[in-house]
Amino acid sequence: MGAEQEIIVVGRGRTLDLTADAHVHTGFAAGRDSVGVVVSAADRAGLTAVTFADQVARDTTWLPAYADAVRRARRRTELTLRIAAEVEVVRPDGWLAWPSADLGHLEALSVAVTRLPAEGGPIGPREVRQALAAGVLSEERVAEIVVDATVRGLERASRYVPTQLARPLSLLTQVGIDDSVLSDEVLDHLADGCRNTGTAVEISEAWRSPSPRMVGRLRDAGVPLVAASDARYAAEVGHWQYLLRV
């Protein structure tokens, strides 16, 4: 389903705007299509706003061209287009994989934890699963590391531009950990971190994240929620199935 159903109620009087897609990708990084093709697809889906959030890393050099492409697209559409980037938390202290390019082009940052932050560099899901199987790490400890690094990463990023949290806790799903292992204290830490930094949490269509349970906890804690397709193909922009089920 596209954006024909414009607003859904997520509880306690709060709503989720399905005419705004808060996270899409382009051919500059993880996506497959140009900015212009994505904008055309968003228009056809009935959207009113799109946030471009391509993945960046330390060696990213294309930010100026990326921002220029979005600015050019603004002149050809009535949609609201926002220039953002997805940046990964790579250390437990919240250090981010900042690109060397000027961040002044960005209007928002989408913060992600796609690997387990560690002092020696992030650890991929496969290695985390091996550490869990060997008893080197416990499920509870992995969850605590992920949440604490997420909050610290949001604190760092929010010093510069408005922040969003991309597919929260999806790493836990990838390594086979159910978010039920999260204690109330850890969940409160995540919710407080989002509220204190003014961070909106993305409900990701592509990643089916966060879980319905987590959406409920964040909603009840007063954390703003936004719809995010996390689309890598233009045809996926602004189309919702998981969000409606949640």
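Trainee: How many bridges join strand S7 to strand S8?
Mentor: Two bridges join strand S7 (residues 163-165) to strand S8 (residues 200-204), and these strands run parallel; strands here are DSSP runs of E with at least two residues, and helices are runs of H or I with at least four, numbered from the N terminus. This is a predicted model, in which local features need pLDDT of at least 70 and side-chain atom pairs count only at pLDDT 80 or more, while totals for chains, interfaces and linings use all residues. Residues are numbered from 1 along each chain as its sequence is written, and side-chain values use heavy atoms, with hydrogens and water left out.

Trainee: And what stands opposite Leu165?
Mentor: Val201 in S8 stands opposite Leu165.

Trainee: What's the strand order in the open sheet?
Mentor: The order is S3-S4-S5-S6-S7-S8-S9, seven strands with parallel pairing, where two strands pair if DSSP finds at least two bridges between them. Strand S3 (20-24) and strand S9 (225-228) each have a single partner strand, so one side of each is left without a neighbour in the sheet.

Trainee: Switching to H3, which of its residues are buried?
Mentor: In helix H3 (residues 125-133) they are Pro125, Val128, Ala131 and Leu132, buried meaning under 20% relative accessible area and exposed over 50%, with partly exposed in between (1.4 Å probe, protein chains only). They lie on the same side of H3 because they cover an arc of only 120 degrees around the axis, taken from the directions from the helix axis to the C-beta atoms.

Trainee: What's on the face turned away?
Mentor: That face of H3 carries the exposed residues Arg126 and Ala133.
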